[in-house]
There are 2 protein chains.
Amino acid sequence: MELAGLIRSIPDFPKPGIVFKDITTLLGDAEAFSGVIEAWAERLRSRGVTRILAIEARGFIFGGALAHHLRVPLALARKPGKLPWLTIRESYSLEYGTDSLEIHRDAIVEGDRVAVVDDLLATGGTALAAIRLAEQLGGEVVDVGFLIELAFLSGRRKLERYPVESYIAYASEA
Amino acid sequence: MELAGLIRSIPDFPKPGIVFKDITTLLGDAEAFSGVIEAWAERLRSRGVTRILAIEARGFIFGGALAHHLRVPLALARKPGKLPWLTIRESYSLEYGTDSLEIHRDAIVEGDRVAVVDDLLATGGTALAAIRLAEQLGGEVVDVGFLIELAFLSGRRKLERYPVESYIAYASEA
């Protein structure tokens, strides 16, 4: 199965000039979704992952499946104000302004081998914030994984100290 | 394992007088999370489910794991403006004002046996909106499942035409 053929490109979403990569068509193909999860899980197992850190919101789809498949604990990185207990926060730059991610202070424990999980790597800002949060709690980030990578945005450069993996890479916007 | 013992109650979140049920402590217990997913999946299998409809955002955690475990297609119900392709929308009442959910027009196909999945049943408004969206696309909703049920809010009454299931039920606010 060609995974890229299961991604729907939506021109001018969410704004003119952006080609949005719609993963719902892949999620609607059960064999393709489970095939991705199995390959991803196998890699995380080989790296001795002890904790999945999934980034809101689409990262939860992959994080939930991976945590269950591997039987490792799942932690959530969320937008500010969503997590109800004690949190730590990390800000990152957007094209205009900044945004932030939070995790609970008990989401990760000292010595955890953490896999960061999200659907899409763009500029890498969100993933780097999640990595820093994991590290602040004493975790070691041993895998940063995505379904899709927008390679033309060079997110890997921002994450160059970490092992970055993706299943579908786009070399150009179109 | 007593599942309820893995849920953390947070007083006065997100506002005074509300006791928020924090599921992250259960997600951090891999055996408990996988145990829930296995029981939930077994029930969906017995009901002949052909499509999971997961509600944003925490429903994605359970929906992703269930879709992978059962190898059935996953559909997403999201807040307005998040889904990039053609959508249908359903509004529902909140304590103050209204909110809406959307799904893609190809998220469910005629004849699908749909399982609606979310983390928490409160008043049932969100779940009912998801059910109506599934039905508009020709799906039959054969299971409406939650990890937690706030039974004192009587959400089941709003969903009485459907088979509603939960794993942890709270009889009172405290």
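Residues are numbered from 1 along each chain as its sequence is written, while chains are lettered from A and ligands numbered from 1 in the order in which they are written. In this predicted model, local features need pLDDT of at least 70, side-chain atom pairs count only at pLDDT 80 or more, and totals for chains, interfaces and linings use all residues; side-chain values use heavy atoms, with hydrogens and water left out.

Chain A contains five helices and nine strands. Helices (H or I, at least four residues) and strands (E, at least two) are DSSP runs, numbered from the N terminus. Along the sequence, the elements of chain A follow the pattern β-β-α-α-β-α-β-β-β-β-α-β-α-β. The radius of gyration of chain A is 16 Å, close to the 16 Å that the globule rule gives for 174 residues, so the chain is as compact as a globular protein of that length. This radius is taken over C-alpha atoms, and the globule rule is 2.2 Å times the number of residues to the power 0.38. The C-alpha trace of chain A spans about 40 × 40 × 30 Å along its principal axes.

Of the 174 residues in chain A, 57% are buried. Buried means under 20% relative accessible area, exposed over 50%, and partly exposed in between (1.4 Å probe, protein chains only). Chain A exposes about 7200 Å², and carbon and sulfur atoms supply 51% of this area. Accessible areas come from the Shrake-Rupley method with a 1.4 Å probe; for residues, only the protein chains shown count as cover. Among contacts in chain A with a separation of 6 or more, 57% involve residues 24 or more positions apart. A contact has heavy atoms within 4.5 Å.

In chain A, five strands form an open sheet with parallel pairing, in the order 4-3-7-8-9. Strands pair if DSSP finds at least two bridges between them. Strand 4 and strand 9 (164-170) of chain A are the edge strands, each pairing on one side only. Neighbouring strands of this sheet are turned by 20° against each other on average, direction ignored. Axes are lines fitted to C-alpha atoms, for helices over the stretch in contact, and angles run from 0 to 180 degrees between N-to-C directions. Strand 8 (residues 140-150) of chain A runs parallel to strand 9 of chain A, and six bridges join the two. Val144(A) has Val164(A) in strand 9 of chain A as its bridge partner. Helix 3 of chain A packs on the sheet and touches strand 3, strand 4, strand 7 (113-121) and strand 8 of chain A. The direction of helix 3 makes about 165° with that of strand 3 of chain A.

Chain B also has an open sheet of five strands, in the order 4-3-7-8-9 with parallel pairing. Strand 4 (74-77) and strand 9 (164-170) of chain B stand at the edges, each with a single partner strand, so one side of each is left without a neighbour in the sheet. On average, neighbouring strands of this sheet are turned by 20° against each other, direction ignored. Strand 7 (residues 113-121) and strand 8 (residues 140-150) of chain B run parallel, joined by eight bridges. Here Val114(B) stands opposite Val141(B) in strand 8 of chain B. Helix 4 (residues 125-136) of chain B packs on the sheet, in touch with strand 3 (51-55), strand 7 and strand 8 of chain B. Its direction makes about 165° with that of strand 8 of chain B.

Side chains of opposite charge can pair when their charged atoms come close. A salt bridge is a side-chain nitrogen of Lys or Arg within 4 Å of a carboxyl oxygen of Asp or Glu. By this rule, the count over all chains is 32 salt bridges. Arg78(A) pairs with Glu56(A), with the closest N and O atoms 2.9 Å apart. The pair links distant parts of the chain, 22 residues apart. Arg78(A) lies in the loop between strand 4 (74-77) and strand 5 (87-93) of chain A, and Glu56(A) in the loop between strand 3 (51-55) and helix 3 (59-70) of chain A. Both residues, Arg78(A) and Glu56(A), are buried. A network of salt bridges links Arg43(A), Arg47(A), Asp143(A) and Glu165(A).

In chain B, Glu165(B) and Arg47(B) form a salt bridge (2.7 Å, N to O). Glu165(B) lies in strand 9 of chain B and Arg47(B) in the loop between helix 2 (30-46) and strand 3 of chain B, 118 residues apart. Glu165(B) is partly exposed, with a relative accessible area of 24%. Arg47(B) is partly exposed at 23%. Glu56(B) forms a salt bridge with Lys82(B), at 3.1 Å between the closest N and O atoms. Glu56(B) is buried, with a relative accessible area of 15%, whereas Lys82(B) is partly exposed at 37%.
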